[in-house]
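Please open the model in your viewer and keep the selection panel at hand.

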Amino acid sequence: MNNHVILEGFMGSGKTTIGIRLSYKMCISVIDTDKAIEKEQKCTIREIFDTKGEEAFRLMETECLRKMSEERGRRIITLGGGTPVCSENREVLKGLGKVIYLKAKPETIYERLRGDTTRPLLQCADPLLKIRELMGAREDAYMEAADYVLNVEDYTPESLVDKIAELCK
Ligand code: S3P
């Protein structure tokens, strides 16, 4: 059993930003699954979706998580928004450490990601509808993987970091 601090949640819920701040607060390093995949593949997530497709990306995600589970030491791990959807990934997460679900309302996500071009799944005519649909379809998976659920609208970035550090000390 590892003792990592894992942040899950929808795109734009703040995993990456909070992960970096938490890393300073807890004095442990942070690793992001998307960034690890981009580094290994030497291209962006968007390019992976465009050239190899979502299915290939999901396999890379599972492989990335497996590798992280084999590493020792304590880290903050920030996941892609879709990582917990795959049941195999949820199994790996169980042994990886404490999973914090950063839960956000669809409207919050929509406002935050307005104009973003890096999320292939939201490049569509009606992103808010897509956010609602995807979020609805993923909620059970997020909840199943979570040890703690925090509503991001209830916190400032600073108080959210403090709360997670307290839960995972
Ligand atoms: C995805 C979320 C993205 C990235 C990819 C797919 C998803 O990560 O993994 O675009 O399926 O929700 P972020 O949650 O960091 O944006």
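The model is a predicted one, in which local features need pLDDT of at least 70 and side-chain atom pairs count only at pLDDT 80 or more, while totals for chains, interfaces and linings use all residues. Residues are numbered from 1 along each chain as its sequence is written, and side-chain values use heavy atoms, with hydrogens and water left out.

**The ligand and its shell**

Next, display distances from the ligand's oxygen atoms. A polar side-chain atom of Arg138 is 2.7 Å from a ligand oxygen, an N or O atom in the side chain of Arg119 lies 2.8 Å from a ligand oxygen, and a polar backbone atom of Gly81 is 2.8 Å from an oxygen atom of the ligand. Taken alone, the ligand exposes 390 Å², of which the protein buries 96% (accessible areas by the Shrake-Rupley method with a 1.4 Å probe).

**The largest pocket**

Now hide the ligand and turn to the space around it. A pocket here is an open set of points on a 1 Å grid over the protein atoms alone, where a 1.4 Å probe fits, with protein on both sides within 12 Å along at least five of seven lines; lining residues have an atom within 4 Å of a point. The ligand sits in the largest pocket, meaning that more than half of its atoms lie within 2 Å of the pocket's grid points.

The volume of this largest pocket is about 590 Å³, taken as the space filled by probe spheres set on the points. Its lining has 29 residues, with Met11, Asp34, Ile45, Thr118 and Arg119 nearest the centre. The elements giving two or more residues to this lining are helices H1 (15-26), H2 (33-41), H3 (45-51) and H4 (54-70).

**The second largest pocket**

Finally, select the lining of the second largest pocket, which includes Ile31, Glu40, Met60, Lys67 and Arg75. About 200 Å³ of space lies there. H4 supplies the largest share of this lining, with five residues.

Methods: A polar contact is a pair of N or O atoms within 3.5 Å; within protein, one must be able to donate a hydrogen and the other to accept it, and residues adjacent in sequence count only if both atoms are side-chain atoms. Helices (H or I, at least four residues) and strands (E, at least two) are DSSP runs, numbered from the N terminus.
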